[in-house]
Amino acid sequence: MLAICINQRGWRLAMAKANPLQTLWNALVAGKVAPWWLHALAAVGGVLLLAHAAYLIVAYAMFHFGIMLITAMGLVFVGLWFWVRLKGWPACHAWLRARRVRWWLWRLGWSGFVLWLASVALFFAFISHGHAVDIAKADMGGKQVILVLGGGAPRCQASPAVQTRLDKGLEVAQRLPQATVMVTGGKDLLRDCTEGQVMGDYLRAHQLAPQRIVQEERSTSTFENLVFSGEILQQQGFDKARDTLIIVTHEFHALRARHIAYKQGFQNVASENAVTPLYARYTAWLREYFTYISGWLLNEF
């Protein structure tokens, strides 16, 4: 029995030593020696984040908060790797421990970062379900308006992500031949074109009848998309209590957009989701994490 207890105790100790999460905690928070793979993880992870951000900016002229954030994270990881490589972890650790404030900020920062990553993972799992309201199951009374939300027009052309929304809008327009198609979006920074105009041109180029297209060209956010579009629709006789609004956007965006529409008084709201291209998916989801929080704080929905 004694031998069994000793063996079990030794097995538990061995498992604890082999646990990567425990090793990570010991290195970053407890201040013990960081293993080689942790140095490599910081360097490779930082370079990959920076490379992905550069790819999106250069290849697709994309630049939003999600890209800014992964750029900052990449710079921090690469900077930490250089710092440890130049000074050595014992010297870095001694500098951190020299003042209590530094040490507590270091520990608090890494603990907060881990908790934040966990919250981001939960949010990603939540929005990945799409939360669409199928038009086949929605109350489709009165007039029908298909509202395609904007998402950027770099170089005064619809971005690949926005094209997927527009293509989905064209698909829905074929299913609902009497519906009006509304596109929404104002001017991008340092550009003369409006997103609404670019999106309208795309629909006309794809043989959608011009008389079915309505353009809103002032908005710069999802909230303004719904506010300004609602004003134009009401001027054209749209009844928010009776008529139907069909929102076309991406899966991560659908829930917030629909809640904003309800807040603006639209009572019959359905949605159709385009799939976010993989290369832009997680930066877009990361941006949505913060815009969802800010929208709630600002009482947009």
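Phe65 sits in helix α4, where helices (H or I, at least four residues) and strands (E, at least two) are DSSP runs numbered from the N terminus. The structure is a predicted model, in which local features need pLDDT of at least 70 and side-chain atom pairs count only at pLDDT 80 or more, while totals for chains, interfaces and linings use all residues. Residues are numbered from 1 along each chain as its sequence is written, and side-chain values use heavy atoms, with hydrogens and water left out.

Phe65 is partly exposed, with a relative accessible area of 39%; buried means under 20% relative accessible area, exposed over 50%, and partly exposed in between (1.4 Å probe, protein chains only). Together with Ile57, Val58, Phe63 and Met68, Phe65 makes a nonpolar surface patch of about 500 Å². Patches are made of residues with over 30% relative accessible area and no salt bridge, with like charges joined within 9 Å and nonpolar side chains (Val, Leu, Ile, Met, Phe, Trp, Tyr) within 5 Å. Accessible areas come from the Shrake-Rupley method with a 1.4 Å probe, and for residues only the protein chains shown count as cover. Helices α3 (36-60) and α4 (65-87) each supply at least two residues of the patch.

Attention now turns to the largest pocket. This pocket holds about 970 Å³ of space. On a 1 Å grid over the protein atoms alone, a pocket is an open set of points where a 1.4 Å probe fits, with protein on both sides within 12 Å along at least five of seven lines, and lining residues have an atom within 4 Å of a point. Grid points are joined across faces, edges and corners, and a volume is the space filled by probe spheres set on the points. The lining consists of 41 residues, and His64, Gly151, Gly152, Thr220 and Arg287 lie nearest the pocket centre. At least two lining residues come from each of α7 (160-175), α9 (222-235) and α11 (278-297), and α11 gives the largest share, with seven residues. By type, the lining divides into 13 nonpolar, 19 polar and nine charged residues; Ala, Val, Leu, Ile, Met, Phe, Trp, Tyr, Cys and Pro count as nonpolar, Asp, Glu, Lys and Arg as charged, and the others, Gly among them, as polar.

Salt bridges (a side-chain nitrogen of Lys or Arg within 4 Å of a carboxyl oxygen of Asp or Glu) number eight in the whole structure. One of them joins Glu231 and Arg218, at 3.0 Å from N to O. Glu231 belongs to helix α9 and Arg218 to the loop between β3 and α9, so this pair ties together parts that are 13 residues apart in sequence. Glu231 is partly exposed at 35%, and Arg218 is exposed at 52%. Another bridge links Glu288 with Arg256, whose closest N and O atoms are 2.7 Å apart. Glu288 lies in helix α11 and Arg256 in helix α10 (residues 254-263), so the pair connects parts that are 32 residues apart in sequence. Both partners are buried, Glu288 at 2% and Arg256 at 7% relative accessibility.

Backbone angles complete the picture. Most residues other than glycine have a negative phi. Gln207, in the loop between α8 (195-205) and β3 (213-216), has a positive phi of about 70°.
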